[in-house]
Amino acid sequence: IVSRVSGEILEKQISEASGILIMGHSNPDFDSIGSCVGMARFAMSVINRTHADKDHADRPKVNVVINKNTESFKTCYAQLEPLGIYENVFISGEDARDLVTGDTVLIICDVNNPFIFESSELAKTISKIAVLDHHRLAAALPFDPFLQYIEATKSSASEIVAEILFRSSYADQLHKEEAEVLLSGIMLDTNNYTRNAGAQTFEITHYLYTRGAHTGVVREFFNESLDELMLTGEFESKVRIYRDSVAITWMALDRPSTPEDRIVASKVADKLLNIKGVEASFALVRMDNDVVISGRSKGGINVQLILEKLRGGGHFDVAGAQVNSSSILSVLDTLKTSIDDYLDS
């Protein structure tokens, strides 16, 4: 019911908008990209129906605000490119600000923390905003959204968006290529259906299958390059066990950051849970002027609460944070303090 009603609210706002902007979090992963692409499909379908009497050039435009230089985006765009319709859809935050009018609608997917929006400025200049996310809301939003669909029991933002499509009258509008990008988001955040996957997750996966997606194809999205393999080894060589049950590792301090670093960090954090006696893990990586942390837990330690103290968030067993600092060692000390506070409380 929530998905159907949310779809109806979105449909009304989109049909009356002068333009639709969709964005996820900075340094986007497959779930952020997948949910944005799924919502772009929903918005384009609404516009094609409600503005059918207009030429395509005169219809409101749908754009996804994203960093096109990341490897995750390049992987997803390679899947979408044959459709042709996405050629001019993806734009930068700077270009998006030039498109804002009083009737622009902004839809935010897979994030509710303003500190890690792809473009925080957009949320400050647009009044009609919707938030679709599966991370717990750690603090009140700095704006009043017309729709706030935040459900921490869902596996991923891609599941939320795919379900909105599935429960709408536009379910048969989803293309195979879009379904595969949505499926990659679900597979990422469930660690291939081994974490946070419920009955509805499999129902939505079946829907994506009916639209042509297949896990065998999507698994290729996750193939590692040689550079990623080498970086994984670098992370693993620095693993330290803290407080007997927490594994922590970080990227080399003198190594220049690359777009792949964040993805590798999340994979390493997952892998560290396989160490005997480890209940939680954290992998730190420097991205430009920030330090990104990926946190994972087997369920005994709440990594979400630990990283909320570093302005991060997520779930009990999967969480992340992005700290404005160029010093990994400084952030590492802050992380250890937060772990101490949690374990000693």
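This is a predicted model: local features need pLDDT of at least 70, side-chain atom pairs count only at pLDDT 80 or more; totals for chains, interfaces and linings use all residues.
Side chains of opposite charge can pair when their charged atoms come close. In total, the structure holds 16 salt bridges.

## Packing of H2 and H3

Helix H3 covers residues 71–80 and packs with H2 at an angle of about 35°. Their axes are 9 Å apart, and H2 passes H3 in a right-handed crossing.

On the H2 side, Phe30, Ile33 and Val37 take part in the contact. They meet Ser72, Phe73, Thr75, Cys76 and Leu80 of H3. By class, the residues of this contact are six nonpolar and two polar, with no charged residue.

## The second largest pocket

The second largest pocket holds about 360 Å³ of space. Its lining consists of 13 residues, and those nearest the centre of the pocket are Met44, His56, Pro60, Lys61 and Val62. Six of the lining residues are nonpolar, four are polar and three are charged.

Helix H2 (30–50) and strand E2 (61–65) each supply at least two residues of this lining. The most comes from H2, which gives four residues. H2 therefore has a part in two of the features described here: its residues meet those of H3, and others or some of its residues line the second largest pocket.

Note on methods
Residues are numbered from 1 along each chain as its sequence is written. Side-chain values use heavy atoms; hydrogens and water are left out. On a 1 Å grid over the protein atoms alone, a cavity is a set of points where a 1.4 Å probe fits but cannot get out, and a pocket is an open set with protein on both sides within 12 Å along at least five of seven lines; lining residues have an atom within 4 Å of a point. Grid points are joined across faces, edges and corners, and a volume is the space filled by probe spheres set on the points. Ala, Val, Leu, Ile, Met, Phe, Trp, Tyr, Cys and Pro count as nonpolar, Asp, Glu, Lys and Arg as charged, and the others, Gly among them, as polar. Axes are lines fitted to C-alpha atoms, for helices over the stretch in contact, and angles run from 0 to 180 degrees between N-to-C directions. A crossing is left-handed if the near helix is turned anticlockwise from the far one by less than a right angle, and right-handed if clockwise. Contact means heavy atoms within 4.5 Å. A salt bridge is a side-chain nitrogen of Lys or Arg within 4 Å of a carboxyl oxygen of Asp or Glu.
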